[in-house]
Amino acid sequence: METAESKPANSQRRPVLSSGSGHRLSTYFFRRPRLVLALLLGLPLLWLVAVYLGSLSTLILQSFFRLDSFTGQVVHRLTLANYFELLHRANLDIFARTILMAAAVTLACAILAYPLAYYMARYASSRMKSLLYLLVLLPLWSSYLVRVYAWRLILAKEGIASWFFHAFHLDWLLGGVLKIPVIGGPSLSVSFLGMWLVFIYVWLPYMVLPIVASLERVPGSLLEASADLGARPSSTFRRITFPLALPGVIAGSIFTFSLTMGDFVVPYSLGNSSFFIGQAVLSLQGTAWNIPLAAAFTVVPMIVMAIYLLGSKRMGAFDAL
């Protein structure tokens, strides 16, 4: 009888001991919140400091070196020669061309994305919203290079776009557009206009999603109160809806602007001999092997985006991310 009674007693004590040890362990970590924080953030911070900030610091340091034109070797002495070289007219044209293209793509994406995002956030049913989300994200499921080269075929002189204009007897319109200085070219596939269209296509989802998230946060009670007070729908949109959703537009513009500035695949595939920043960096690093000057080129968009992010933060754009 004592043996039979002792077995249940022993079996009941083991879970108590395990739960007691777990309780002591949780109490130990509870009394040391800094240790818990160090364990949770230690590995990610190590990766961030060693890989991201380390490589970024190396890039900035490389921009202060110079390339010896005679030996082709990098001279590891601090100098501002690369930054003075960036002030040449050809390089300034590259910066201006890239920034203007990024601004034009961002503005077009905002104009196209806002009506769609507004419908998804305010009027679409749950099933329709799911379908629209799928259609917006569907292009991102395919390879980026495949999408760009597909558009190159579409915009070529023998492509679908030219066939469409010819089928509706609008060749004169396409020819007139291609003759416009700066944006025109031999065909849409070799012009700034075609490049602009492809940039809009590939970056539009990054503008739609932040605007939808921002519009969904606008309280419906504010819109109802505006209507009860006699405001017209246009006035409600201008004074309430759009200002409250503006951080989402700015958040989306961060993606479209920065991605356009750093891209080199689209300008390389659909552009002409006029370089963009991404092409210049690729050429200096891959062909000329002038890594210090390529690093200096890279610092310029970093400075531009830092200024852009500071302005966006003041307007509350990060709240919509």
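Leaving aside neighbours within four places in sequence, which residues is Ser 162 in contact with? The answer is Ala 156, Lys 157 and Leu 174, where contact means heavy atoms within 4.5 Å. Before going further, some ground rules: this is a predicted model, in which local features need pLDDT of at least 70, side-chain atom pairs count only at pLDDT 80 or more, and totals for chains, interfaces and linings use all residues. Residues are numbered from 1 along each chain as its sequence is written, and side-chain values use heavy atoms, with hydrogens and water left out.

Back to Ser 162, which has its place in helix α7. Helices here are DSSP runs (H or I, at least four residues; strands would be E, at least two), numbered from the N terminus. With a relative accessible area of 15%, Ser 162 is buried; buried means under 20%, exposed over 50%, and partly exposed in between, using a 1.4 Å probe and protein chains only. Ser 162 and Gly 278 are 116 residues apart along the chain, and their C-alpha atoms are separated by 29 Å.

On to the loops on either side of α8. His 169 is in the one between α7 and α8, and Val 182 is in the one between α8 and α9. Phi of His 169 is near 55°, a positive value in a residue other than glycine. Val 182 isn't a glycine either, yet has a positive phi of about 75°. His 169 counts as exposed because its relative accessibility is 64%, and Val 182, with a relative accessible area of 66%, is exposed too.

Now for the interior. In soluble globular proteins, nonpolar side chains tend to be buried together. A nonpolar core here is a set of buried Ala, Val, Leu, Ile, Met, Phe, Trp, Tyr and Cys residues joined through side-chain atoms within 4.5 Å. The largest one has 40 residues, and Phe 199, Ile 211, Leu 215 and Val 266 touch the most other members. Helices that each supply at least two residues of this core include α4 (89-122), α6 (144-155), α9 and α11 (233-262). The largest share, 13 residues, comes from α9. Not counting residues up to four places away in sequence, Phe 199 touches Met 101, Val 105, Thr 260, Asp 263, Val 266 and Pro 267. There's also a second, separate core of 12 residues, with Ile 94, Ile 277, Ala 280 and Leu 293 among them.

You'll find Val 198 in helix α9 (residues 192-216), and it counts as buried because its relative accessibility is 0%. Its contacts, again beyond four places in sequence, are Trp 151, Leu 155, Val 266 and Leu 270. Val 198 and Trp 151 are 47 residues apart in sequence, but 6.8 Å apart in space, C-alpha to C-alpha.

Two packed helices are described by the angle between their axes and the distance between the axes. Axes are lines fitted to C-alpha atoms, for helices over the stretch in contact, and angles run from 0 to 180 degrees between N-to-C directions. The axes of α6 and α9 come within 11 Å and cross at roughly 145°. Tyr 144, Arg 147, Trp 151 and Leu 155 of α6 meet Gly 194, Val 198, Tyr 201, Val 202 and Trp 203 of α9.

On the α13 side, the contact is made by Ile 277, Ala 280, Val 281, Leu 284 and Gln 285, and the α14 residues include Ile 291, Leu 293 and Phe 297. Helix α2 (residues 33-62) packs with α14 at an angle of about 115°, with the axes 7 Å apart. Leu 56, Leu 59, Ile 60 and Gln 62 of α2 make that contact with Ile 291, Pro 292, Ala 295, Thr 298 and Met 302 of α14.
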